[in-house]
Amino acid sequence: MVDFLAENNLCGQAVLRIVSRGNAIIAELLRLSEFIPAVFRLKDKSDQQKYGDIICDFSYFKGPEYYDSKLEAKPDLQDLDDEFRENNLEILSRFYLAFESVHKYIVDLTRYLDDLYEGVYIQQTLETVLLNEDGKQLLCEALYLYGVMLLVIDQKMEGEVRERMLVSYYRYSAARSSADSNLDDICKLLRSTGYSSQSGAKRPANYPESYFQRVPISSTFISMVIGRLRSDDIYNQVSAYPLPEHRSTALANQAAMLYVCLYFIPSILQTQQAKMREIVDKYFPDNWVISVYMGITVNLVEAWEPYKAAKIALNYTLDSANIREQASRYSVSMEGLRPQIQQLLKEGFLREEIVLDNVPKLLNCLRDCNVSIRWLMLHTADSAYDPNNKRLRQIKEQVINDSKYNPKILFQVLLDTAQFEFTLKEMFKKMLSEKQLKWESYRAEGSERMTELAEVFSGVKPLTRVEKNENLQAWFREISKQIESLNYEDSTAAGRKTVQLIQALVEVQEFHQLESNLQVCQFLADTRKFLHQMIRTINIKEEVLITMQIVGDLSYAWQIIDSFTSIMQESIRVNPSMVTKLRATFLKLASALDLPLLRINQANSPDLLSVSQFYSGELVTYVRKVLQIIPESMFTSLAKIIKLQIHAIMEVPTRLDKDKLKDYAQLGARYEVAKLTHAISIFTEGILMMKTTLVGIIKVDPKQLLEDGIRKELVRRVAYALHKGLIFNPKAKIQDWQSVYQSTHIPIPKFPAVDESATFIGRLCREILRITDPKATCYMDQLNTWYDLKTHQEVTNNRLFSEIQDTLGTFGLNGLDRLLCFMMVKELQNFLSVFQKTILRDKAMVDVFKAMLSAVNPVKGIVANASKGYANAVAKTQKIWGPYLESIMKVGQMQILRQQIANELNYSCKFDSKHLAAALENLNKSHLPSPVLYDVDLHYNPAPVLYVVDLHYKPIYITTKRLPYFPIVNFLFIIAQLPKLQYSKNQGMTCRKATDPVDWSPLVLGLLTLLKQFHSRYTEQFLALIGQFIRSIMEQCTSQKIPDMPSDVVGALMFLEDYVRYTKLPRKVAEAHVPSFIFDEFRTVL
């Protein structure tokens, strides 16, 4: 019969691919469970208030029109919804694909079973597949993995969260319109079950059986799978555990599969007492806490509570006398095993001959250790017992008391067992690789000894007092030939023949009275020794390694091991060389990867790398977590050294009286510093002793671990210092997994928020914005200084940015600049949103704009009765200018701050690295366009590389659409602000009244930045309107014979002057709209 897993066996390959995919899906679900956006949990009141209207559960499907109309009614909600979609669509799509693959898995499995039933696979039926060893394993795994998927989803992703994510995906993606989308089926399968993994949560009725029955599966298939799991040892594990008391451990994986599969036929759990009694007697006579998949533990006492038959059957196991018997047995076992394994680990004890002579004994010791560790770890694990359940508490207390459980001793035995296992495996691997060479060398040695003896008895070779004996000569020659003829390939026959040869050599010594000649005896003894070594060597089998692999399985502790982290760290802190033993434990834990990867590897699936990386990554992360105690301890010692050097040790002066030498010696303090320094070097030695280790598929380099650990601790301490230090008292969200700056190994820590800022840099930025607020300060461009509007005292100046540069460095200043960029983008987006939804929807305002447009046409002409016309338009639009001014000045203020940062970076760049600065300047000049009015192609990149060229006033921060009346609105806005300002020869344009604050520089720069976001024709129209305003007012003054230039005209001309200056445009841009004689007259005013 063709091998079931052969590539040409379509039936076997089909089910293998399904099982392989099942393992990959579970890995993806576990990976994604760590990336659920917190907002979908809606735990905080703030989240509920903010997102409550846009995040819905399945109630959305009852009336989607109601929810959509609610959104459309509120523009703010629409904006929030758009932002939310942009931030979360990528991760939602990934979750949806994982959910879809679960549904596709069970659909494919059902289709496969239908194909078997209909005879699609020639000569294969469900019965014949279940008779085949591989087929039986795969079909049982296929059903079990589907159950595990459903349990993982419900345990790791709460029902309500799943529903909200599916509804959000449905609303934001194209899947709703796709005809072949199976979103409905996925929603039916994964709708909330009411289950909560929170401690003390009540279990829903008929859970999880009703959940498992959402997609119907053939009842014949389920009952046959359960039948096989009940009766057979489908993985042939019992051969690795010959002792009857180890049977439940041998069948532990099968027991976990049976536990999951029983939920597909709950009637067995409920009513079939005989079957349940049989299952408990075979699989659970001495255990009630099981590992379902990769360390997910289940306590059967709690899990089977609602099922009558299961509960009655389990009561025999849970009898207090049985619990006492089992716990006491493992307590005695641990007491005996601990000294035994420590003896085996003594330096030089495990030699090759001892190992070869005692393979069964050593394997029995390993079995006993692993079985005891498994039982104690599972049955004392906190995660397996709900503290709110009284019966579980009592069972746990009894186990801990009767087993005399001590986590430190258990951990020590685990360490020793892992080290012993690792040493033994390495020795066996080496012996296996050298097996044939050694056997052949022993054979050659034995054969040569016999040839030499034959020559001795020939009388030719002189050997003291040995008479010639032709019979013995012929016999030894024959023995030599027999030894030479032994064949390595036929190990059974060679072994039997070797035993006979040894016997013959013993007999020849006795019957021919050869004992009297010591040299002949020595030759015979040596030959017998070589023959014994040949037997030992031929018995080195790979089966021993396989048995060690099965016995040493630690997959059940994949999650429980975390409860031992503090013990591990404490033992490392006390003895850093402990890391070498921990290495063996981590490698033992890495063997857990074999379980999910076996089928993926057999199927040659492309998922192999992704799944390997996930589990290996999880383990490496845990290794880093454990070893992080070393950098932490180092920094604690360093802190003590710093404290001693600053506060205790006095600085020795250059001249010193010998009488005071003793005072300055401070031997105690200096000894303490030396001791702490030595401790630090011991810690680093400890981690470097670990050697480069392959954990799963990830190579762990101890040097890299140490460096990453030190950097992580340094980042944590610096971030904490800045978090605590930069707290002030004034009156687009990126997820961690998306950020290029966030690292899993050296994470930037998150501290509880003290205000709206996420980090210290945000608080610093907001504090700078607060103290330079245009409503409270006045910025003097010539002096680069801010003054208080009321007291006229200096608030701050450009030295502030030099201080920040000194404190936070170039990267900190650059980060501040980037944050300002994003704030500006947000401000401009909010401004445009208000413009579109408030100003343009106000009919009265739009009528004023229309009337004004008709009054100023043509723009090249003069407006009749200018003062009155402009004043009326400004008066009618007065109510909209408050928020408008605030937004414009905020943008302008941020532009000024960015300019100051650019200046500081520019200066320090030229000062610290003048050659590089010059090279960058030339590069910029050759690549960047010369500044002209129409540079709308010049887009802003929020990560400026080349600070040498100042582009801050010109970049485009946001993409915009055409807006009606935009130039006329901005024109009316600027002339509405001019009466609030006055010109002073010393100070330029300043605010008239401190009660009605307008800061000139932020106003001009804010308006300039806003106009820059639109097509250049808007700027041209806006400048033309200002030019017309100046000409019209001047015309009116001339006709009315008013000699002085009006202040509004002075302000408008100043605006044009500053506009040209800031944009570095040629003067002809302004003179195109204002006659040169007006500029001449304006200069006399200046």
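User: Before we start, what counts as a cavity?
Analyst: A cavity is a set of grid points where a 1.4 Å probe fits but cannot get out. This is a predicted model, and its second largest cavity holds about 80 Å³ of space.

User: Which residues are nearest the centre of that one?
Analyst: Ten residues line the second largest cavity, and Arg-624, Leu-627, Gln-628, Leu-705 and Gly-709 lie nearest its centre. Helix 29 (607-627) and helix 33 (702-725) each supply at least two residues of the lining. Helix 33 gives the most, with four.

User: How many of the lining residues there are charged?
Analyst: Three are charged, three are polar and four are nonpolar.

User: OK, what about the largest cavity, how much space is in it?
Analyst: The largest cavity has about 150 Å³. It is lined by 15 residues, and the closest to its centre are Ser-248, Thr-249, Asn-287, Arg-374 and Leu-378.

User: Which helix gives the most to that lining?
Analyst: Helix 19 does, with five residues. The lining of the largest cavity divides into eight nonpolar, five polar and two charged residues.

User: Changing topic. How many residues are in the largest nonpolar core?
Analyst: The largest nonpolar core has 193 residues, and Tyr-112, Trp-304 and Tyr-615 have the most contacts inside it. Helix 4 (residues 75-118) contributes the largest share, 16 residues. A second, separate core has 97 residues, including Tyr-779 and Val-1069.

User: What does Tyr-615 touch, leaving aside its neighbours in sequence?
Analyst: Beyond the residues within four places in sequence, Tyr-615 is in contact with Ile-26, Ala-27, Leu-30, Tyr-293, Met-294, Trp-558, Leu-593 and Pro-596.

User: Now salt bridges. How many does the structure hold?
Analyst: There are 42. In one of them, the side chains of Glu-421 and Lys-588 meet at 2.9 Å, N to O. Glu-421 lies in helix 21 and Lys-588 in helix 27, so the pair ties together parts that are 167 residues apart in sequence.

User: Are Glu-421 and Lys-588 buried or exposed?
Analyst: Both Glu-421 and Lys-588 are buried.

User: And what is the state of the Glu-305 side of its bridge, in accessible area?
Analyst: Glu-305 meets Lys-311 in a salt bridge of 2.9 Å, N to O. Glu-305 has a relative accessible area of 38%, so it is partly exposed, as that value falls between the 20% and 50% cut-offs. Lys-311 is partly exposed too, with 32%.

User: Which residues are linked in a network of salt bridges?
Analyst: Arg-21, Lys-104, Asp-108 and Arg-111 are linked in such a network.

Definitions and conventions
Residues are numbered from 1 along each chain as its sequence is written. This is a predicted model: local features need pLDDT of at least 70, side-chain atom pairs count only at pLDDT 80 or more; totals for chains, interfaces and linings use all residues. Side-chain values use heavy atoms; hydrogens and water are left out. A nonpolar core is a set of buried Ala, Val, Leu, Ile, Met, Phe, Trp, Tyr and Cys residues joined through side-chain atoms within 4.5 Å. Buried means under 20% relative accessible area, exposed over 50%, partly exposed in between (1.4 Å probe, protein chains only). Contact means heavy atoms within 4.5 Å. On a 1 Å grid over the protein atoms alone, a cavity is a set of points where a 1.4 Å probe fits but cannot get out, and a pocket is an open set with protein on both sides within 12 Å along at least five of seven lines; lining residues have an atom within 4 Å of a point. Grid points are joined across faces, edges and corners, and a volume is the space filled by probe spheres set on the points. Ala, Val, Leu, Ile, Met, Phe, Trp, Tyr, Cys and Pro count as nonpolar, Asp, Glu, Lys and Arg as charged, and the others, Gly among them, as polar. A salt bridge is a side-chain nitrogen of Lys or Arg within 4 Å of a carboxyl oxygen of Asp or Glu.
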